[in-house]
Amino acid sequence: YVLNKKESLLINLFINNPHRIISYEEIEYHIWNNEVSAGAFKSLIRDLRKKTFKTFIVNTSGIGYRLNI
């Protein structure tokens, strides 16, 4: 699969922090410079899961996301 720019940035963020939960705010900062709608944020995660597999990224409710390794 071909990843777009934002998906690539997100994958790199997860790879550089493999055992850590990355907060929503940190993802917003690194991908969009703190300016993103909730829909765009959810869409990025959904599209990346479609291109990889559903359990690749795990949500920790109210905190953020982490890789499922």
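Start with helix 1: at 1.5 Å a residue, its 12 residues should span 16 Å, and the end C-alpha atoms lie 17 Å apart, which agrees. The expected span is 1.5 Å times one less than the number of residues. Helices (H or I, at least four residues) and strands (E, at least two) are DSSP runs, numbered from the N terminus.

This is a predicted model: local features need pLDDT of at least 70, side-chain atom pairs count only at pLDDT 80 or more, and totals for chains, interfaces and linings use all residues. Residues are numbered from 1 along each chain as its sequence is written, and side-chain values use heavy atoms, without hydrogens and water.

**Helix 1**

Select E7, L10, I11, L13 and F14. These are buried (under 20% relative accessible area; exposed is over 50%, partly exposed in between; 1.4 Å probe, protein chains only). They cover an arc of only 160 degrees around the axis, which puts them on the same side of helix 1. The arc is taken from the directions from the helix axis to the C-beta atoms.

Turn to the other side: K5, I15 and N16 are exposed there. Now show the partners. The buried residues of helix 1 pack against strand 1 (22–23), helix 2, helix 3, strand 2 and strand 3 (contact: heavy atoms within 4.5 Å).

Next, pick N4. It caps the N-terminal end of helix 1, with a side-chain oxygen 3.1 Å from the backbone nitrogen of K6.

**Helix 3**

Select residues 38–51. Helix 3 has 14 residues and reaches 20 Å from first C-alpha to last, close to the 20 Å expected. Highlight F41, L44, I45 and L48, its buried residues. They cover an arc of only 90 degrees around the axis, which puts them on the same side of helix 3.

Their cover includes helix 1 (5–16), helix 2 (24–32), strand 2 (57–60) and strand 3 (64–67). Last, view the face turned away from the buried side: A38, K42 and K50 are exposed there.

How values were computed
A polar contact is a pair of N or O atoms within 3.5 Å; within protein, one must be able to donate a hydrogen and the other to accept it, and residues adjacent in sequence count only if both atoms are side-chain atoms.
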